[in-house]
Amino acid sequence: MSLTLTRFEAAPEPRLEFQIDEPIVFDLDAELIVDAPDGQRWQYFLRQTGLDISWLPAGRYRLDCPQAGDWAEGSALTLILRDEANAGGRERGRASTTLEGRAKWDSGSWKLHSGAGTVPVSELSWARQDHNWFFRHFDHAARTIIHLFFQRDQRLKGRVLDVGCGDGITDLGIALRMQPEELVGVDPFKGYERLAEVCRAHHLPEALISPPNLRFQADDANALSFPDDHFDAVLSWGSLEHIAGGYDRAMAEIRRVLRPGGLFFAHPGLFYGSVGNHLGEFFDDPWIHLKIEPEELERRVLAGRPRYMDRAGEESPSEDYWRWYTELNPITVDGFEKELRALGFEPRRFALRTDPVVDYSPELQEHSMTTLGLAELYVVCELKK
């Protein structure tokens, strides 16, 4: 077994030491079982404490799990590690020990520590979370697609296409977790050429940066170089709104290369929502593009300097931001649903994120409440047979 439990002790608190010999392990969960001498049993899970271990590279680790409680002498402790992503919850190891005296633990906060010579946990993307661009794609986007929308559907293990893959980080996260037969990411701007550099900077093992089932090419979404009915699943995360001149042809191409019965996942930017204008590096007002004249908006963007956000690429000049804004497609939820159904896609699962409060100022009155209040759409559809 390439994940080995090396030590488990109960005093002064439950503590497990383990070693990972394989290049990477995804989505570790742990269960702590306390069996008291009087027959009572308590079960606690790592993720319930808020610690979500998305992935760990090879190395040595220590897991502290001082679940709050007052435990009697002789209580038996069992700790089980499970790999939730790679094998649907298979057990990766268990260890047991017995309390030699009464124990009272005050903290229910589990903590993971790296051993000597292992990358510090605090430097891994999932520990840094929203402050890290790699996390948003390798962890958040990839896991959202796999678990929340596809629910580990086997079609995500077949032939998969990502239209508008950008830097390719999400594709790598999916390819390593799901091991599809083939995953192809296409993007005419070739941001994926920096993927290896970005992965090394975020401590991903070298052996995993270029898996054989993942490749990229500079296709235009309007003219995909694949035969009809070729893919089992097609993905589009934040790309349809960026196709200059409209995305009608791209949607037709997606339908053409997706086999009947295949799945299409889309997360399009919503132009009228709170993040839809893509100008958050210049303005605090999410709807400023709907409140002032285009000429004044252009002047302010070109005269401003973008507040650098955590991105995979280099900081871009204001001129690029303005061009990207002018190329945006004004997608709405209602309009996009009608387009999907007209092409033969049946929505199977969707999620909407709304803004808690919208200041419905006079400049916004021409737009409906739902159009302004819906910030994000995630939808997975099946192509009718």
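**View 1. His203 sits in the loop between α4 (195–201) and β12 (214–217).** Helices (H or I, at least four residues) and strands (E, at least two) are DSSP runs, numbered from the N terminus. The phi angle of His203 is near 70 degrees, a positive value in a residue other than glycine. His203 has a relative accessible area of 25% and is therefore partly exposed; buried means under 20% relative accessible area, exposed over 50%, and partly exposed in between (1.4 Å probe, protein chains only).

This is a predicted model, in which local features need pLDDT of at least 70 and side-chain atom pairs count only at pLDDT 80 or more, while totals for chains, interfaces and linings use all residues. Residues are numbered from 1 along each chain as its sequence is written, and side-chain values use heavy atoms, with hydrogens and water left out.

**View 2. Gln151 is another residue with a positive phi, of about 50 degrees, although it is not a glycine.** Gln151 belongs to the loop between α2 and β10 (159–163).

**View 3. Helix α3 (residues 169–178) is largely enclosed by the rest of the structure, because ten of its ten residues are buried.** Among the buried residues of α3 are Asp171 and Arg177, along with Ile169, Leu172 and Met178. Just after α3, Gln179 takes a positive phi of about 55 degrees.

**View 4. A cis peptide bond runs from Ala11 to Pro12.** The omega angle of this bond is near 5 degrees. Pro12 lies in the loop between β1 (3–9) and β2.

**View 5. Arg15 lies in strand β2 (residues 15–35).** Its relative accessibility is 21%, so Arg15 counts as partly exposed. The side chains of Arg15 and Asp64 are joined by a polar contact of 3.0 Å. A polar contact is a pair of N or O atoms within 3.5 Å; within protein, one must be able to donate a hydrogen and the other to accept it, and residues adjacent in sequence count only if both atoms are side-chain atoms. Leaving aside neighbours within four places in sequence, Arg15 is in contact (heavy atoms within 4.5 Å) with residues including Arg7, Phe8 and Arg62. Arg15 and Trp110 are 95 residues apart along the chain, and their C-alpha atoms are separated by 9.6 Å.

**View 6. Glu376 is placed in strand β16 (residues 374–383).** Glu376 counts as buried because its relative accessibility is 17%. Its side chain makes a polar contact with the side chain of Arg353 at 2.7 Å, and one with the side chain of Tyr378 at 3.3 Å. Leaving aside neighbours within four places in sequence, the contacts of Glu376 include His267, Leu270 and Val275.

**View 7. The second largest pocket holds about 180 Å³ of space.** On a 1 Å grid over the protein atoms alone, a pocket is an open set of points where a 1.4 Å probe fits, with protein on both sides within 12 Å along at least five of seven lines; lining residues have an atom within 4 Å of a point. The volume is the space filled by probe spheres set on the points, which are joined across faces, edges and corners. Helix α2 (residues 133–149) gives the largest share of the lining, seven residues. Among the lining residues are Asp52, Trp126, His140 and Arg143.
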